[in-house]
Amino acid sequence: MPPPNVLFILTDDMQATSIHALGNPDVHTPAIDSLIAEGITFTNTYTNGALCGALSMPSRAMLMTGRGLYDIQADGMKIPEAHTTFPQQFRKHGYHTFATGKWHSDKASFNRSFQEGDNIYFGGMHPYELNGHCSPHLNRYDSTGVYGQDTEFVGEEFSSKMYADAAIRFLQSQKDGEQPFLAYIAFTSPHDPRNQLPAYGQKYNPGALSLPPNYLPQHPFDNGEMEVRDELLVPAPRTREQVQKELADYYGMISEVDVQIGRVLQALQETGQADNTIIVFASDNGLAVGRHGLLGKQNLYDHSVKVPLTLLAPAYKNRKGEKNNALCYLHDIAPTLCELANIPLPESMKAHSLYHILENPAATHRTDLFLAYSNLQRAFVSGNQKYIIYNVHGTITEQLFDLGKDPLELHNLLPGQEKAARHLKKQLEYRMEEEDDFCRLSDPLWWQDGHKLTFEEMQQLYVYE
């Protein structure tokens with residue numbers, strides 16, 4: 001059997017609960033649904049968090065390197081040479097590696113990872129003032145790694161179509177190739193701007209959409225990020241009609257990117273190589289869109305830190321539609337892919353491979369997860385229990401949720417279950433020390449008299465050479 005190819009499809013800001021096959025009847029996602037129907041879906045996949053508001057930057061660096069939040073450099077702004085990415089490792093072991101779409105890190109690490117690319121977006125989001133997704137500012141691949149005026153251009157079609165077109169051209173070029181390939185497609189949808197949707201896809205009537213059961217007009221307390229960009233798109237308090245309009249635009253972006261994912265999957269089928277290709281579908285982080293009175297992702301509720309993760313692999317083609325509820329991080333997929341392709345893990349990778357779960361679905365993976373956001377919020381998930389603590393200018397707020405009975409995190413069990421909260425808080429404190437987290441729960445102000453660090457200040461705390 002020849003080595004398997006890899007097709008990795010990543011979306012931007014897509015909630016795990018915004019997919020039809022994962023329980024949302026309002027949204028139309030036939031291509032993504034087909035992947036979930038054919039593959040194994042990990043229903044308790046989380047991103048580790050972020051030190052700044054741009055969650056996709058650390059999330060994607062963690063995903064690439066198989067390293068946690070406190071093991072990457074500068075919140076993912078740079079991936080140093082010492083941190084081998086999984087595409088880089090595949091490339092070292094005979095794979096032809098290709099990428100299109102968003103790369104939210106440095107250009108040098110992109111070129112170390114991929115020997116070919118097209119329609120590349122270096123950045124976090126398509127700016128509103130530059131016509132957003134309708135005029136994406138892209139780059140052609142430069143083998144020297146020197147990107148600038150000679151490589152830059154403005155795309156004439158919607159970003160998702162530009163990325164899908166590039167991926168399809170690459171897949172077609174590999175139809176008769178003897179070398180295994182790894183293709184990474186990083187869409188920027190459904191990240192805003194969502195003010196202009198393409199003609200294709202599905203449009204949604206706001207009034208016909210159901211509100212999330214955990215909708216609130218505004219968050220019940222200051223979580224430290226009430227004035228971040230995401231939260232100012234529609235000032236709080238937000239009406240039901242405003243949230244329905246946001247959901248309509250958000251679902252519209254999800255449906256348009258679903259169309260392009262479908263085109264890529266069809267192109268893979270036409271190459272004749274689908275049966276020998278590992279396919280991964282995931283998102284970098286979630287988004288609130290009205291849940292808990294929030295719009296953005298700068299929080300540790302499940303709607304923002306939990307992500308979809310589905311894997312299709314030739315070895316498990318008889319496990320169609322399987323769901324696995326093992327606790328895992330998104331970046332656990334990096335060593336998993338290496339093991340599936342029989343490629344040795346680079347020494348720099350620290351994540352836990354899901355391979356043993358694929359071989360034995362009843363096996364234990366992680367017993368708990370540590371989540372962090374800025375120096376404002378920390379969380380700990382153990383079994384069905386989730387504890388969140390906030391420190392905003394010295395004001396401490398705590399929450400305790402039973403995710404088994406209350407997956408939407410509607411009912412804070414505090415006050416009332418202080419003993420359980422203290423137990424989780426102690427475990428969280430131990431994990432923070434283990435991770436060399438600069439915050440300490442024993443310090444009532446956590447950091448500099450409640451001062452919220454700037455990204456530049458936090459960047460100085462985590463620099464790895």
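Two strands pair if DSSP finds at least two bridges between them. By that rule, β11, β3 and β14 line up in that order as an open sheet of three strands, with mixed pairing. Helices (H or I, at least four residues) and strands (E, at least two) are DSSP runs, numbered from the N terminus.

This is a predicted model: local features need pLDDT of at least 70, side-chain atom pairs count only at pLDDT 80 or more, and totals for chains, interfaces and linings use all residues. Residues are numbered from 1 along each chain as its sequence is written, and side-chain values use heavy atoms, with hydrogens and water left out.

- The edge strands are β11 (306-307) and β14 (328-329), each of which pairs on one side only.
- Strand β3 (residues 45-46) runs parallel to β14, and two bridges join them.
- Thr 45 has Cys 328 as its bridge partner in β14.

**Five-stranded sheet**

- A sheet of five strands is also open, with mixed pairing and the order β4-β15-β16-β17-β18.
- Its edge strands are β4 (49-50) and β18 (395-402), and each pairs on one side only.
- Helix α11 (residues 418-434) packs on this sheet and touches β15, β16 (377-382), β17 (385-392) and β18.
- The direction of α11 makes about 110 degrees with that of β16. Axes are lines fitted to C-alpha atoms, for helices over the stretch in contact, and angles run from 0 to 180 degrees between N-to-C directions.
- β4 and strand β15 (residues 368-373) run parallel and are joined by two bridges.
- Gly 49 has Ala 372 as its bridge partner in β15.
- β15 and β16 run antiparallel, with six bridges between them. Phe 370 has Phe 380 as its bridge partner in β16.
- These two strands form a hairpin with three residues between them. Ser 374, in the turn, has a positive phi of about 50 degrees.

**Burial in β15**

- Six of the six residues of β15 are buried. Buried means under 20% relative accessible area, exposed over 50%, and partly exposed in between (1.4 Å probe, protein chains only).
- Asp 368, Phe 370 and Ala 372 point one way from β15, while Leu 369, Leu 371 and Tyr 373 point the other way.

**Nonpolar cores**

- A nonpolar core is a set of buried Ala, Val, Leu, Ile, Met, Phe, Trp, Tyr and Cys residues joined through side-chain atoms within 4.5 Å.
- The largest such core holds 84 residues. Phe 8, Phe 86, Phe 90, Tyr 184 and Leu 337 touch the most other members.
- A second, separate core of 47 residues includes Ile 9, Tyr 163, Ile 168 and Leu 209.
- Leaving aside neighbours within four places in sequence, Phe 8 is in contact (heavy atoms within 4.5 Å) with residues including Leu 63, Phe 86, Tyr 184 and Leu 337.
- In soluble globular proteins, nonpolar side chains tend to be buried together.

**Helices α1 and α7**

- The axes of helix α1 (residues 30-38) and helix α7 (residues 240-271) come within 7 Å and cross at roughly 55 degrees.
- α1 and α7 are therefore oblique to each other. Angles under 35 degrees count as roughly parallel, over 145 as roughly antiparallel, 65 to 115 as roughly perpendicular and the rest as oblique.
- Pro 30, Ala 31, Ile 32, Ser 34 and Leu 35 of α1 make the contact with Asp 258, Ile 261, Gly 262 and Leu 265 of α7.
- The buried residues of α1 are Ala 31, Ile 32, Asp 33, Leu 35 and Ile 36.
- Their cover includes β2 (40-42), α7, β10 (277-283), β12 (309-312) and β13 (322-324).

**Backbone points to check**

- Asp 192 and Pro 193 are joined by a cis peptide bond, with omega about 10 degrees. Pro 193 is in the loop between β9 and α6.
- Ala 236 and Pro 237 are also joined by a cis peptide bond, with omega about 0 degrees. Pro 237 lies in the loop between α6 and α7.
- Asp 75 has a positive phi, near 60 degrees. Asp 75 sits in the loop between α2 (56-65) and α3 (86-92) and is buried, at 2% relative accessible area.
- Asn 119 has a positive phi, near 50 degrees. Asn 119 lies in strand β6 (residues 116-122) and counts as buried at 5% relative accessibility.

**An exposed loop residue**

- Glu 227 is in the loop between β9 (181-186) and α6 (229-232). Glu 227 is exposed, with a relative accessible area of 69%.
- Glu 227 and Leu 63 are 164 residues apart in sequence and 28 Å apart in space, C-alpha to C-alpha.
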